[in-house]
Structure formats: structure tokens, C-alpha cells
Protein chains: 2
Amino acid sequence: MIGPHQVTIKDIAKRLKISVSTVSRALRGSTDISQDTRQLVLAVAEELQYSPNPIALSLRDKKTKVIGVIVQEIANNYCSSVIAGIEDIAFKMGYNLLISQSHEKIDLEILHARLLASRRIDGLLITISNETINTDHLQEMIDRGIPVVMFDRVSDALQTHKVVVDDYKGAFDATSHLIEQGYRRIAHLTISKQLTITQNRLNGYLDALKAHRIAAKKEWIVYCDFEEANMKNEIRKLMLSKQRPNALFSSVERLSMLSLKLLKEINLKIPGDVALAGYADNPMSPYLNPSLTSVCQPTFSIGQNAAELLIELIESKKAEEKYTTIKLKTTLDVQESSLRK
Amino acid sequence: MIGPHQVTIKDIAKRLKISVSTVSRALRGSTDISQDTRQLVLAVAEELQYSPNPIALSLRDKKTKVIGVIVQEIANNYCSSVIAGIEDIAFKMGYNLLISQSHEKIDLEILHARLLASRRIDGLLITISNETINTDHLQEMIDRGIPVVMFDRVSDALQTHKVVVDDYKGAFDATSHLIEQGYRRIAHLTISKQLTITQNRLNGYLDALKAHRIAAKKEWIVYCDFEEANMKNEIRKLMLSKQRPNALFSSVERLSMLSLKLLKEINLKIPGDVALAGYADNPMSPYLNPSLTSVCQPTFSIGQNAAELLIELIESKKAEEKYTTIKLKTTLDVQESSLRK
DNA sequence: CTCGTTACCGGCAACGTTTGCATAAAATTA
DNA sequence: TAATTTTATGCAAACGTTGCCGGTAACGAG
């Protein structure tokens with residue numbers, strides 16, 4: 001086994017009996033150097049398989065070429081697909097990714113933000129946890145000079161670039177579709193009240209009802225937390241109530257999937273007894289039983305856009321005075337679960 | 001906006017008019033310091049929100065507390081779930097993750113390995129691409145002092161810790177199950193010949209046939225590459241042949257899913273015309289139409305085990321002389337797609 | 001009163017790299 | 001040939017941190 005010594009600029013210098021500064025200049029192509037020595041240095045560097053130590057560079061330049069990413073769960077179709085989009089751009093621009101999970105907990109989100117900051121990341125991409133109301137920890141990042149770009153679950157409280165989808169329209173279209181298929185007793189399954197994203201989806205749902213002169217019912221707007229047991233309970237309670245709805249529109253993938261599971265468990269026919277439509281990012285949705293009508297998000301593109309905005313922010317020295325919010329389109333993939341009864 | 005100056009040990013020293021070494025000692029709890037100054041330093045550190053610069057530490061200690069991970073695709077149920085397991089352990093042990101994708105290309109795999117090495121990662125976790133035969137690039141890592149642990153797709157060529165599932169048994173059980181359900185004309189869909197993992201699965205399939213005195217047919221062992229079009233073509237060719245099989249056992253998730261899609265497209269009933277069983281890591285498999293009989297892998301646990309082995313390797317100074325291979329169990333989840341005809 | 005011990009603290013070097021400044025040699029000009 | 005410019009190189013500092021070495025008081029013992 002060869003010694004694990006990483007070859008440095010000093011090794012090259014020693015070998016050629018010249019100074020490290022000369023080697024450095026030769027390597028980075030300064031004009032201030034003779035052709036002869038440049039060739040020599042390059043040759044030895046090649047021979048020794050020299051690669052510059054980014055740690056040393058980081059210490060000097062206070063740039064790490066690393067982007068932090070905080071998501072709720074890596075093992076989640078939406079998140080992993082967005083990350084793939086982020087990685088696509090980051091790799092092309094010479095950045096690496098440091099990925100952390102908040103597991104939907106504000107405490108973990110804050111902890112990881114601090115941890116990433118202490119790692120001296122150049123910028124942060126984040127979709128906030130469902131517990132997150134206060135965004136001081138993110139403002140703190142920005143104040144420390146670490147730009148932040150939000151995607152998916154964003155917060156109005158924070159002034160920065162954001163990448164979202166048109167949540168309102170996605171919900172409006174899905175609900176309208178259910179109505180057009182003849183369903184008028186439509187319930188809405190959703191999560192935490194404080195997220196902008198779920199508020200927008202709720203509004204899309206409500207406005208679609210209103211547009212078709214259907215009165216909304218308070219009992220049919222069901223808030224769940226992220227526990228699977230709780231979600232199932234809420235859905236069960238709703239579906240066993242006297243005045244039960246004949247269609248469900250769910251605002252997040254987990255609720256869409258759990259509805260499908262639970263309705264089968266309690267022997268309700270889909271769409272015979274209850275129609276189903278919801279946000280979902282599972283590529284297998286069209287192959288479920290029944291195939292699931294879903295609002296599809298351009299996840300890869302969301303990641304790409306967010307990464308591009310962030311890197312722009314990182315590399316432009318001047319402080320940004322104008323922040324933009326990119327709003328991408330969703331598509332409604334109509335399948336069996338929402339067809340006319 | 002506050003200046004983006006990161007507070008250092010020097011700031012504390014200057015504030016208290018003491019030397020940096022004293023501050024350092026106070027911070028890291030050396031006994032060689034008076035209680036008074038220690039308290040003072042701690043107080044100022046708290047007030048200034050000091051956090052040690054890991055870059056500087058890395059430069060000194062040649063340890064980055066960063067683990068590199070190379071997978072084929074992040075946006076893949078198997079990979080993202082393994083990564084979640086890795087992250088679980090890594091976080092607890094104070095490590096961060098640098099994640100790269102090979103996209104099933106050996107060139108990208110080599111490139112990313114080198115890139116991660118130049119980032120001075122403390123260790124590497126990898127599942128190799130389907131193009132990877134030669135593992136010199138990984139041996140190179142080990143020679144440079146960066147321990148490597150392989151998971152899922154491992155290589156016999158490399159001497160190191162490995163974490164796999166019992167591929168042979170998973171395939172044997174699934175094939176046996178199909179036979180017991182009355183199917184005897186069973187084809188096997190798989191990918192690149194050179195992967196140990198697919199070889200083992202192939203052997204499990206073959207031995208299950210042999211155990212039931214069924215002759216294997218060469219034409220029914222179908223190798224596909226990773227192009228969706230190619231996969232579909234191969235399956236179509238197989239299913240439109242004169243002597244077509246009445247059951248398919250696929251060795252990877254993508255093939256399982258694509259079979260299901262394609263068979264529906266060409267109007268073959270599952271399991272009426274063709275039964276289906278295969279490796280799959282999609283939590284929604286039981287809710288597909290038809291629900292899919294699948295070999296399930298303990299993905300999260302694979303990640304945890306791999307991370308534990310790697311960190312052990314990193315933190316034990318002594319060179320390892322014995323490498324272990326952890327083999328985890330799979331479970332066969334029987335669903336509609338493989339039921340008796 | 002002197003010597004040795006102890007407790008506490010500062011200085012310096014090192015990790016790998018870049019860069020401004022100084023300097024020597026070479027080339028150019030007067 | 002002397003003066004000046006150009007070219008090529010070396011030196012040292014800096015980034016933030018730790019560890020070794022050395023030094024200075026205060027203190028107790030003889």
C-alpha cells in the first residue's frame with residue numbers, strides 16, 4: 001500500500017528545486033513565467049497526479065463551491081427528483097451538494113441550517129418543514145452572507161428568490177375536473193395551515209367550487225398532520241360520516257396515496273363510491289389500481305431553476321436588490337380514479 | 001445588512017486582549033487554563049456566536065468529516081432510500097454527505113470518484129454503474145488512503161467491506177413461488193451480464209427451475225440495456241414470439257415496472273396471460289394494477305450498515321486486514337400479479 | 001532568602017495555496 | 001558602456017486552528 005500522502009505544490013517545487021510560488025503561477029497559467037519552467041511544472045504535476053487542495057483554497061478565498069440543500073426527506077419522489085435537477089446544474093457549474101433532511105421538524109431544520117453554515121457552504125437551497133412559521137434562521141443565513149433560495153414550500157416572510165409551481169391553478173383545475181365529471185360533494189385533504197403552498201391549493205379548490213356555484217363545507221376541509229395513523233384516521237372519520245363526500249381532492253402526494261390505500265381497505269369503490277384526484281409525483285401513478293388522476297409537478301425543472309438562481313446569487317458580487325419568484329406550470333394527468341360515475 | 005464576516009478565534013482573542021492559543025485552549029477544554037479566563041472566553045464566544053471553521057481544521061488534520069456517495073440516480077426509490085439510511089448514521093456520527101450520480105456511465109463514475117477524492121472526502125460509499133467492470137479507480141481511492149465500502153452492486157475485484165442482499169435467495173424464492181403457482185414457462189428479464197448482483201439473481205432463477213426439474217431456455221433469459229425503448233423492445237419481442245412464456249421474473253425494478261406497462265399496452269392479462277414477479281422497491285407496488293409481487297430489499301438498513309462499516313474504517317487508524325460482506329435478507333411480497341392462473 | 005514546582009499564558013510553526021512586493025538576471029535603449 | 005526596462009523568480013504574509021515549546025509569575029519548602 002502506497003502512503004496516503006496527497007501530493008502538493010510543495011512536492012513539485014522540491015522536485016524541480018524551485019519555489020512554490022513559481023509552481024503555483026505555472027499551474028494557474030500566469031503570464032509571468034517562462035515557457036520552459038511552465039512545461040516542466042506541468043509535466044511533473046501530471047506525473048505526480050497533482051490535484052489542488054480545495055480545502056486550502058476555501059480557507060483563503062472563503063468560497064467552498066458547495067451548496068447546501070435541506071429537504072424534508074430524501075426518500076421521497078418529489079424531493080429526490082428536485083435534487084436530481086439541482087445536481088444537474090450544480091455539477092455543470094462546478095459545485096457539490098451537501099444534503100440534509102429536516103424530517104418535517106423545525107428544530108432539525110434550524111440545526112441543519114446552522115451546521116451547513118458552519119461548514120461554510122456558499123449558498124442554501126431549502127423547502128421548509130411543515131412546522132416552519134418563523135424563518136429567522138434563514139434570515140440569519142442571509143445576514144451572514146449565505147444566499148438562500150427557496151423552492152416548493154416557500155415563505156412570504158423571507159425576501160429572496162423562490163421557485164414554486166402554480167399551486168392555485170393546479171388545485172383549481174383538478175377540482176374543476178372533478179366537478180365536470182359530475183361530482184359536487186368534494187372534500188379537500190390537506191396539511192398544516194401555515195404553508196403558503198397548501199393555502200394556495202386550498203384557495204384553488206375553494207374558487208373552483210365557487211366558480212361552479214357549489215357551497216364549500218367546513219367539515220370537508222380536513223387538516224392532517226404527518227403521522228400516517230393520524231392521516232388514515234382523519235380520512236376514515238370523514239368517509240364514515242353521515243354526509244360523506246363523493247370525491248376527494250388531496251393537496252400532497254402522501255395523502256393521495258393514503259386515501260387510495262384506505263378507501264380500498266374500507267371497501268369503497270374508486271371512482272364508483274368516491275372519486276380521487278390529488279397532487280402526486282410518483283411516476284407509477286398511472287399504473288396504480290385504480291390509476292390515479294394527479295396534478296404533476298415539473299420537479300426536475302424546479303431543481304434546475306432553483307440551482308441556477310442560487311448560483312447566480314453566489315457569483316454576482318453585488319447584493320441583489322430585486323428578488324424574483326419563478327412560477328412553473330403543473331399538468332393534470334387524468335386517469336381512472338376521477339372518471340364520471 | 002451585517003458584514004458577512006465569520007467570527008474567528010482571533011476576534012475573541014482581540015476582544016479579551018489575550019492570545020489565540022489561550023482562546024483555543026479555553027474553547028477545547030484544556031486543563032492548562034484558569035477557570036476565570038475559560039469563563040470569559042466561553043462568554044464572548046457565545047456572545048459573538050463563534051463556530052469553529054471546519055475548513056481550517058480539515059487543512060490541519062487532513063480529515064473533512066465528509067463522506068462521498070456515488071449512486072446511479074438519486075431520483076430512484078432504491079437509491080434515495082439507501083441514502084436516507086446512510087444519512088441517518090452519518091448525521092449521528094457527525095459526518096456530512098457529498099452525493100454524486102454516475103447515471104450508469106463508467107466515465108462519469110470515474111470522474112466523480114476523482115472529483116470527490118480531490119475534495120478530500122474521508123471515505124466513499126458506492127454502488128457501481130452497470131458499465132463498470134474494471135474497478136481500478138476505486139482501488140486508486142483506497143491506495144490514496146480513502147476507504148471505500150460498496151453496497152448493492154459490488155465487485156469481486158475489489159477487496160473491501162461490502163453490503164448486499166441475498167440476491168440468489170430472493171430470485172430463488174420468487175421463481176419458486178411462480179412455479180408453485182403453476183407457471184412453468186418462466187422467462188427472466190435482466191440487465192448487464194457483468195454485475196455480480198444480476199449474476200446471482202440469474203443463478204437463483206436457474207436453480208429454482210432446476211430444483212423443480214424444469215429445463216431453462218436460453219431465449220428466455222433476456223438481457224436489456226438501460227434505455228427504456230430497448231427494454232420495451234426486448235420484452236415485446238419476447239412476448240410476441242411463438243413460444244412465449246407465461247410468467248416473467250425481472251431482476252430490477254425498472255424492468256418490473258416496464259413489463260407491467262408494456263403488457264397492458266399489448267393487452268395481455270396479468271396474471272391471466274402472463275404472471276409477473278420481480279425485484280422492486282416502490283412502496284406503492286401493492287397498489288398497482290395489478291398489484292405487483294415483488295422482492296423487497298431492506299434499503300434503509302443497507303444504507304445504515306454501509307455507513308457504519310465505512311465510518312469504522314475511517315476512524316480505526318490501523319489498516320484493515322479482514323474485510324466482511326454483510327448479506328441482508330429480502331422478503332417476497334406476494335400480490336395479485338403472480339397468483340395461480 | 002533561594003530554589004524548585006506549579007499554574008497559566010504567549011509565540012511560533014504548520015496545514016496548502018495565492019499574491020503583492022522585492023530582487024536578480026537578462027534584454028533593451030540611449 | 002551605462003542606464004533603464006523587461007522577464008523570471010523568490011520571499012513572506014494570509015486564511016483559522018492547534019500543539020509544542022518556552023517563559024513568567026506565585027507559591028511552598030528548605
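In this predicted model, the axes of α5(B) and α12(B), a helix that spans residues 299-315 of chain B, cross at roughly 45 degrees and come within 7 Å. The two helices are therefore oblique to each other, and α5(B) passes α12(B) in a right-handed crossing. On the α5(B) side, the contact is made by Y78(B), S81(B), V82(B), I83(B), A84(B), G85(B), I86(B), D88(B), I89(B) and A90(B). Facing them from α12(B) are T299(B), F300(B), S301(B), I302(B), G303(B), Q304(B), A306(B), A307(B), E308(B) and I311(B). Sorted by class, the residues of this contact comprise 12 nonpolar, 6 polar and 2 charged.

The contact between the chains takes 40 residues from chain B and 40 residues from chain A. On the chain B side, the elements that give two or more residues are α4, α5 (77-92), β2 (96-101) and α11 (253-265). That side of chain B holds 21 nonpolar, 12 polar and 7 charged residues.

How are the two chains related? Chain B is superposed on chain A by a rotation of 180 degrees, with 0.0 Å of shift along the axis and an RMSD of 0.1 Å. That is the relation of a two-fold axis. The same surface serves both copies, as 100% of the contact residues of chain B recur in chain A.

Attention now turns to the DNA. Which residues are closest to DNA strand C? Helix α2(A) gives the most, with 5 residues. The classes here are 10 nonpolar, 10 polar and 5 charged residues.

DNA strand D is surrounded by 24 residues, and the closest are S19(A), S21(A), T8(B), I9(B) and A56(B). Here, α2 and α4 of chain A and α2 and α4 of chain B each supply at least two residues. The surface near DNA strand D has 10 nonpolar, 10 polar and 4 charged residues.

Back within chain A, helix α2(A) packs with another helix, α3(A). Their axes come within 9 Å and cross at roughly 85 degrees. That makes α2(A) roughly perpendicular to α3(A). In this pair, T22(A), V23(A), A26(A) and L27(A) of α2(A) meet T37(A), R38(A), V41(A), L42(A) and A45(A) of α3(A). The contact is made up of 6 nonpolar, 2 polar and 1 charged residues.

Helix α3(A), residues 35-48, also packs with α1(A), residues 9-16, at an angle of about 120 degrees, with the axes 10 Å apart. That makes α1(A) oblique to α3(A), and α1(A) passes α3(A) in a right-handed crossing. From α1(A), the residues D11(A), I12(A), R15(A) and L16(A) meet L40(A), V41(A), V44(A), A45(A) and L48(A) of α3(A). By class, this contact has 7 nonpolar, no polar and 2 charged residues.

Note on methods
Residues numbered from 1 in each chain as written. Chains lettered and ligands numbered in written order. Predicted model: local features only at pLDDT ≥ 70, side-chain atom pairs only at ≥ 80, totals over all residues. Least-squares fit on C-alpha atoms with pLDDT ≥ 70 in both. Contact = placed C-beta atoms within 7 Å. Helix = DSSP H or I, 4+ residues; strand = E, 2+ residues; numbered from the N terminus. Nonpolar A, V, L, I, M, F, W, Y, C, P; charged D, E, K, R; others polar. Near = placed C-beta within 6 Å. Axes fitted to C-alpha atoms, helices over the stretch in contact; angles between N-to-C directions. Parallel < 35°, antiparallel > 145°, perpendicular 65-115°, else oblique. Left-handed = near helix turned anticlockwise from the far one by under 90°.
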